[in-house]
Amino acid sequence: MEARDRYQQWLNFEDLSEEETQELKALSEEEIEDRFYKELSFGTAGLRGQQGLGSNRMNRFVVARATAGLAQVILDQGEEAKKKGVAIAWDVRINSDLYKDIAARVLAHYGIKVYLFEDIRPTPMLSFAVRQLRAQAGIVITASHNPQEYNGYKVYWEEGSQIRDDIADKILKAINSLSYQDPQLMDLEEAKKRGLIEIIPKSLEEDYYQKTLDMAIYDEEIKKDICVVYSPLNGTGNKPVRHVLKERGFSQIHVVAEQEEPDGTFATVGYPNPEDIKAFDYALRDGRALDADLIFATDPDSDRVAMLAKNKEGDYQAFTGNQTGALLIYYILSGLKDKGTLPKDGALVKSIVTGDLGTKICQTFQVPMYNSLTGFKNICALANQWDKTGDHQFIFGFEESIGYVYGDHVRDKDAVVSSMMIVEMAAYYLAQGKTLSDVLEEIYQTYGYHDERLKSIVLEGREGAQRIERIMEDFRQDPIKDLGSLKLDHIEDYLHGLGEIGPSNLLAHYLEDGSRFYLRPSGTEPKIKLYIYTEDPEEQVAREKLDIIEKALMEKMSQVQ
């Protein structure tokens, strides 16, 4: 169907409000094309997009239709799945509260039990709730770290992890069988009266906190008065993160005042992504004023965390997701070994596009590190598998995009437990007179310097999506050969799966000196991602290799129009 035809259909919706009708009528031809040239599709475990009316936007019609599709898949599982129900959480974003009510009311119409939190909650708490309640599924209304114009809809399955392709395909098929006018919504108060919508009890949240606190390794050995500045970036992390740190006895946790309270406009942040150093402007201001030892921030749904810490010059050093992951792996495995609690059958998981420094650390402790496709639905799929087979005990999972999970009570990225471990780790080393920069340098001295560069090339709209396809096809059909002094060893193409790893639009290039780079389109944003990794005994040489590889790749990509 063409964009104009979809647009006309939407104009004829019977239940459009006057405001919605005016929004549609005011669209230019260019806006009509962008909003209606396709339907917003399932990416990483659900929907994500800019808000507004249109089939290629997040809005009440898209949310209702997606939920009706999910409901049909649950009903196909049988009466027991219907009774097990769906847990729903939502974050601070504009319209999240509206969308969670729509989702709950659609499910209630189908007679599916719904468990709602009483207010905004972090994504990892939803994962925990699905597992604790033994629910069939879960929904989180969030756009994670995207700009304020976005919202999203993530779906979880009974293990507490995001749905994988088999379930997503069933939901998508069910969605495609429905029109935007098909879903019916039960009155919210009627649903509550019938017991179809129930508020999740406080006791479940207390259990989540206790499980989180139980993951601590050191206590008496750490410096509890470490000075820390924290920014929740106006998201859901404020209360949960501060609660666990208070329970641990950390006495100097200072929250950025302007970014403490929930705010879906992210007025002082703009782009609420702690991967971006600009998100730390206010936190750095406070950190310098307080002479803080550690600064960290969580994203709006509090499943990702990034940190800054002092280096030997007294400046604040930003750590990449790979560096933070390597530090956490080194700290956790060292601590568990020291305490005699390192599982003999323990294992860790990272995504393919994540750096290999963590893998080298694992080898020292004789603990295996497994690779998965990008996304925690894939990382946690191995943990779910080991629950059934008993092959390993899941210890830790992470990916370069500042997502980490420690323990098995949550099956998704968890910035609450990760924040606790980051503060504990910094406090432990501070008691020894070391900064996290010192520890990272020690790791490099042992394992070699690992350098990295991530490039995200944004290409929006239909033309952008088509160019991304052409770039990937060009690299497949005409592999890059000229990398200056560096030589390509081999390429791994995951388009149709490779070995035990399933299909993904991912190209992995391995060079003779151990350097490597990856290309893949983002599953949630209109961009193509380029990951470059180098390693060398000399820091400067590792950095120079990055420049060589980046220059060659950007030149090749620029030739594809």
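**Buried loops, packed helices and paired charges**

Asn234 is buried, with a relative accessible area of 2%; here buried means under 20% relative accessible area, exposed means over 50% and partly exposed lies in between, for a 1.4 Å probe and protein chains only. The model is a predicted one, in which local features need pLDDT of at least 70 and side-chain atom pairs count only at pLDDT 80 or more, while totals for chains, interfaces and linings use all residues. Residues are numbered from 1 along each chain as its sequence is written, and side-chain values use heavy atoms, with hydrogens and water left out.

Asn234 is found in the loop between strand S7 (228–231) and helix H11 (238–248). Helices (H or I, at least four residues) and strands (E, at least two) are DSSP runs, numbered from the N terminus. Although Asn234 is not a glycine, its phi is positive, at about 65°. Leu233 lies in the loop between S7 and H11 as well, and its phi is also positive, near 50°, in a residue other than glycine. With 0% relative accessibility, Leu233 counts as buried.

Attention can now turn to the helices. In helix H1 (residues 3–11), the buried residues are Ala3, Arg6, Tyr7 and Trp10. Seen down the axis of H1, these buried residues fall within an arc of 100°, so they line one face of the helix; the arc is that of the directions from the helix axis to the C-beta atoms. Their cover includes helix H2 (18–25), helix H3 (29–36) and helix H4 (60–76), where contact means heavy atoms within 4.5 Å.

Two packed helices are described by the angle between their axes and the distance between the axes. For helix H13 (residues 321–339) and H14, the axes come within 9 Å and cross at roughly 15°. Such axes are lines fitted to C-alpha atoms, for helices over the stretch in contact, with angles running from 0 to 180 degrees between N-to-C directions. The crossing makes H13 roughly parallel to H14, given that angles under 35 degrees count as roughly parallel, over 145 as roughly antiparallel, 65 to 115 as roughly perpendicular and the rest as oblique. Which residues meet where H13 and H14 pack? From H13 come Ala326, Ile329, Tyr330 and Leu333, which meet Leu357, Gly358, Ile361 and Cys362 in H14.

Side chains of opposite charge can pair when their charged atoms come close. A salt bridge is a side-chain nitrogen of Lys or Arg within 4 Å of a carboxyl oxygen of Asp or Glu, and by this rule the count comes to 48 salt bridges. One of them joins Glu535 to Lys360, with the closest N and O atoms 2.5 Å apart. Glu535 lies in strand S20 (residues 527–536) and Lys360 in helix H14 (residues 357–364), so the pair ties together parts that are 175 residues apart in sequence. Glu535 is buried at 17% relative accessibility, whereas Lys360 is partly exposed at 25%.

Another salt bridge links the side chains of Lys100 and Asp97 (3.4 Å, N to O). Both residues lie in helix H6 (residues 96–109), 3 residues apart, about one turn of the helix. Lys100 is buried, at 9% relative accessible area, and Asp97 is partly exposed, at 42%.
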